[in-house]
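Please read them with the structure open.

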Amino acid sequence: MAEPSVTMEVGNDGVAVITMSNPPVNALARSMFPALKSKFDEAMRRNDVKAVVLTGKGGKFSGGFDINVFEKIHKTGDVSLLPDVSVDIAVNTMEDAKKPIVAAIEGLALGGGLEMALASHARIAVPKVQLGLPELTLGVIPGFGGTQRLPRLVGLSKAIEMMLLSKTITSEEGKKLGLIDDVVSPNELMKVARKWALDIADRRKPWIRTLHRTDKIGSLAEARVALKSARELAKKIAPNTPQHLACIDVIEEGIIHGGYSGVLKEEKVFKELVATDTAKGLVHIFFSQRLISKVPNVTDRGLKPRQVKKVAVIGGGLMGSGIATALILSNIHVVLKEINAEYLQKGIKTIEANLRGLVVKGKLTEDKADKAFRILKGSLDYSDFKDVDMVIEAVVENVPLKQKIFSEIEEVCPPHCILASNTSTIDLNLIGEKTRSSDRIIGAHFFSPAHIMPLLEIVRTEKTSPQVILDLMNVGKIIKKVPVVVGNRTGFAVNRAFFPYAQAAHFLINLGVDPFRIDRVITKFGLPLGPLQLQDLSGYGVATAVWKEFSAAFAGRVFFSPLIDLMRKNGRDGKNNGRGYYIYEKGSKPKPDPSILPIVEESRRITNIMPSGKPIPVSDQQILEMVLFPVVNEGCRVVEEGIVVRPSDLDVATVLGMSFPSYRGGLLFWADLVGPKHVYASLKKWSEQYGDFFKPSKYLEERAAKGIPLSEAVSENAASRSRL
């Protein structure tokens, strides 16, 4: 792979073109900063140079600072690995240069890349360039002067929106806002940028040092109003993370005390934020998500994914219609099969409603929705299956029914066709038992709603062929899902890790803890739903069926709570009928239902686990740990049994499939921040008090004893001999 480099060429016109190169997006590696400084200094010294153009090689300006450096800082704790860019290069070398610098921008200018352009004296771009400062998504703030220069170019409110929401804009929008000076065609870019630089040098165009500008910021009173509403937004969208409020504080510093003072504060705060748990968690998820596409014995065999142009979906219920929606949105033709005309019509109407919903939210144009709907076809038999590339079965969780379907589709589909099931719990070997096509059978486990939730668990058996796995991984990417390859065991990865989630909540309820307090503690931590509201949402029939599956698979560490049966006897079925732990009324938020308390008391009487018959005294932190440590423990077993390729795959899967807060780095990484020794000691103590439900796994025990992080990968050999 090409080494990062910075080159300079001086033309006959007296313009020095400095080019940044670090494929594929010209990320700013540490080694490039001294090289950039050296080239700028040389250009300033040379008598044959009148002006400078800064650009990126290969049609990209720069995708930003190389965040591998963040990972090194997190491993070593050495913040001095951060280069001195903000003052030394952006201010002293570029903005205060004695010759003008113009940025010539193609493709993208993001993060540190855009900040280098902001420190230039003008910016010329081609159409459709992506511009933005997305640093907050990694737990930090712009660190090369972006918090100061962007508001001075586009105005305070727009700059706050771009930074707080990590929102990118195009070069066309950038020109309207004042961020870009001109938008020109790609073949004109260098010519126009060179001329612009010479015009500044000859004073035919203004020589603007952005940090000195104040005209776009408005009065101090106006700025205070904008900053106040920004702080309110930050508290709402990011109550548990520091970078949003820190970003606003740094912007404010520059408005009150001047741009240079703002730059100094930005540099100090940036270094503090890099070392926070939030930055560690978000950087871990960023790199972990890149790793999931590497699957031993699948992606390292030189195989090429086959094209999947047409897919049959069997079952038009909630999951089937969601899967069909995801496919047609990505231009994959779909045949939706149902058992009768009424169900088929209902499924098609649901798909239509899914598309309309996306149009209403502004996420899809009318034209694209119509185009997607046109490539959907309904069917009551298998006549349209003769040329499909894949079938996804999405019927109810019934083994004989699924076996019958797989026997039938094996006969009617072409021999290359992938035979997939969307089962969330049933063993795939059992589903395909009556077929001769075990190498083509695979799990495609979507999360509900399937056209919105980003995770796709690809479940392989010992017999699934690497080609079929690769094909489904590719389909996952085409339909904008994140495919995680997992092993074939009850609950797969995410549902398996989270099976103790509701049970731990029931354990606490039966120990005397207020059910609504449990949900409040968990949502405050950052999960969108507490375990009880989640049970309400999925319905009690599902809760009972899942509990039976896990009881059979993992006998001895399942907690039996009579509460769900008592709730059903009381005529409650969660959101399905508007009555569960909460009351559900159209148009209003779920409200806790105090009338469940007598049912809760009855459950406590039956289980009789309260010490001396009295509720246990417990802090919010203890509630959090008693609910989530058993989930961590089960996640450790998922890794130990080789259900995932590597521990970080489970972190990604819990973030995308269960909305575990990404800023906590996923399930196992969060446990590492808490400390595996503390997790182990707590579970051991509770298992002695309350039994095997809390019994620590061998993996947790060993890693806690040796001081090895839970999220750290085992050796590649161990990964490749997993039950995958």
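**Notes on sheets, rings and burial**

1. Ala-103 stands opposite Arg-123 in β6. The pairing is parallel: 4 bridges join strand β4 (residues 101-105) to strand β6 (residues 122-125). Strands here are DSSP runs of E of at least two residues, helices are runs of H or I of at least four, and both are numbered from the N terminus. Two strands count as paired if DSSP finds at least two bridges between them.

2. A word on the basis. This is a predicted model, in which local features need pLDDT of at least 70 and side-chain atom pairs count only at pLDDT 80 or more, while totals for chains, interfaces and linings use all residues. Residues are numbered from 1 along each chain as its sequence is written, and side-chain values use heavy atoms, with hydrogens and water left out.

3. Strands β4 and β6 belong to an open sheet of 6 strands. Its order is β1-β2-β3-β4-β6-β9, and the pairing is mixed.

4. Buried means under 20% relative accessible area, exposed over 50%, and partly exposed in between (1.4 Å probe, protein chains only).

5. Strand β10 (residues 310-314) pairs with β13 in the parallel sense over 4 bridges, with Ile-314 opposite Glu-393. β13 and β14 are also parallel, over 4 bridges. There, Ile-392 has Ala-420 of β14 as its bridge partner. Next, 3 bridges join β14 (residues 418-421) to β15 (residues 441-446), again parallel. Leu-419 faces Ile-441 of β15.

6. Helix α13 (residues 318-329) has 12 residues. From first C-alpha to last it reaches 17 Å, close to the 16 Å expected; the expected span is 1.5 Å times one less than the number of residues. Is α13 mostly covered or mostly open? It is mostly covered, with 10 of its 12 residues buried. Among them are Met-319, Ile-323, Leu-327 and Ile-328. Asn-331 follows α13 and has a positive phi, near 65°.

7. The UniProt record, an unreviewed entry, places "domain: 3-hydroxyacyl-CoA dehydrogenase C-terminal" at residues 491-584 and 626-706. Residues 491-584 are 60% helix and 2% strand, with end C-alpha atoms 29 Å apart. For residues 626-706 the figures are 73% helix, 0% strand and 24 Å.

8. The model has 26 aromatic pairs. Rings of Phe, Tyr and Trp (its six-membered ring) pair if their centres lie within 6.5 Å; planes under 30 degrees apart are stacked, over 60 edge-to-face, the rest tilted. Phe-507 and Phe-693 are stacked, at 5.6 Å centre to centre and 20° between the planes. Phe-507 is in helix α20 (residues 499-510) and Phe-693 in the loop between α29 (676-690) and α30 (698-706), so the pair ties together parts 186 residues apart in sequence. Both residues are buried.

9. Phe-516 and Tyr-582 have ring centres 5.4 Å apart and planes at 75°, so this pair is edge-to-face. Phe-516 lies in helix α21 (residues 515-525) and Tyr-582 in strand β18 (residues 582-583), so parts 66 residues apart in sequence are tied together. Phe-516 is buried at 9% relative accessible area, and Tyr-582 at 7%.

10. Ring pairs also build a cluster, whose members include Phe-507, Phe-525, Trp-670, Trp-686 and Phe-693. The charged end of Arg-664 sits over the ring of Phe-525, 4.1 Å from its centre. Lys-337 does likewise over Tyr-382, at 5.0 Å. The test is NZ of Lys or CZ of Arg within 6 Å of the ring centre and within 35 degrees of the ring normal.

Notes. UniProt positions are given in the numbering used here, feature names are shortened, and annotations may be inferred rather than shown by experiment.
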